[in-house]
Amino acid sequence: MASRDLVTCFLLTAFLYSSFGKRQMIRQTLPKSEIQPQFLAPLENHTVTQGRDVSFTCVVNHLQSYKIAWIKSDSRAILAIHTHMVAHNPRLSVTHNGHNTWKLHVSNVQPNDSGTYMCQINTDPMESQTGYMKVVIPPDIMDLDDSADLLTTKESNDLRLRCRATGTPKPTVTWRREDGREITLRSELGVKRVQSYEGEQLHLVGILRQEMGSYLCIASNGVPPTVSKRYHVNVRFKPLIKVTNQLVAAPTNSNVILQCYVESSPRASNTWYKDNGIKLLTNDKHNVSEFTVNDYAYQLNLTIKQLSRNDFGSYICSAENPYGKAEGTIRLQGIREKVGPRAWIASLLI
């Protein structure tokens, strides 16, 4: 047997013998007027975050020849006697200030450290006081392996977002849209729009293009920090083209901008054509550009410079993705008025 175990065995025997085997002897030999040990303050309760350090403080006056023992009550394990450790746990230690204060230190607190701790004096009868340690754990969101494919669906289909969180106490899971817009919930009872939704699963029924974007799963349990995870929802559908002004008039020698509004997911391949079938590209005569409106919508612009009679006619904007194709037609005609160097612009419907 190692020397440490011999010392522990000796101290444990001495503590128990002092408590039980010598009770009658103590009663017979100690003067009646002797002041018994007295606790000066209650043992504190602790709520501590996992990984932190904590200590229980036991203050006793008039201890005399009696001993202090630290015990974990729920497991009945003796942790320490006076200033000597009994439990073989490197995270536990005891200190004494040389007067009337004993401390039990627990470092790097773990969930199994939760429970009731007792500071006990081996008087007859034994005197003791207890304190409770509650270990709390900040929330953490589990990786459920939701890939981008699982968060992609065709318009009008259903999509289920899952988010599971661990922690002590059990975290509350709340869903919000990252852009602050409302979440749309559809059921047999109708359509409901909410700023947030509580639960581990968010079921998006009959999802529409307006509902695509980033959703946040937020887990909190009162133990900082609150954590969140982003889920980007993709809704697929065939292109849609809107043209407000199908007829645009402009004078020769001016610049004109033709515009088409496109909705598409995934983003479409976009092309401008003249009515003679010629594909129009950016050059000295034409400028083709796109401007994003949101996750699924953008504006197509065709700028025609220094209009001549040959430029008048019909122009077609075309958008195509794996789900289909759409086209819009704008007719450009000349006018005789002289309006200056400004560009004439076809309206954009948003």
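Select Phe39 and Val60: the latter, in strand β3, is the bridge partner of Phe39. The model is a predicted one, in which local features need pLDDT of at least 70 and side-chain atom pairs count only at pLDDT 80 or more, while totals for chains, interfaces and linings use all residues. Residues are numbered from 1 along each chain as its sequence is written, and side-chain values use heavy atoms, with hydrogens and water left out.

Next, display strand β1 (residues 38–39) beside β3; the two run antiparallel and are joined by 2 bridges. Strands here are DSSP runs of E with at least two residues, numbered from the N terminus, and two strands pair if DSSP finds at least two bridges between them.

Now select β3 itself, residues 54–61, where 7 of the 8 residues are buried (under 20% relative accessible area, 1.4 Å probe, protein chains only).

Return to Val60 and show its surroundings. Setting aside residues up to four places away in sequence, Val60 touches Pro37, Gln38, Phe39, Ile68, Asn100, Trp102 and Ile121 (contact: heavy atoms within 4.5 Å).

Then colour the largest nonpolar core, which has 26 residues; Val60, Ile68, Trp70 and Met133 touch the most other members. Such a core is a set of buried Ala, Val, Leu, Ile, Met, Phe, Trp, Tyr and Cys residues joined through side-chain atoms within 4.5 Å. β3 gives the most to this core, with 4 residues.

Finally, select Cys163, Val194, Cys217 and Val235, which are among the 25 residues of another core, apart from the largest one.

How values were computed
Buried < 20%, exposed > 50% of the residue type's maximum accessible area, 1.4 Å probe, protein only.
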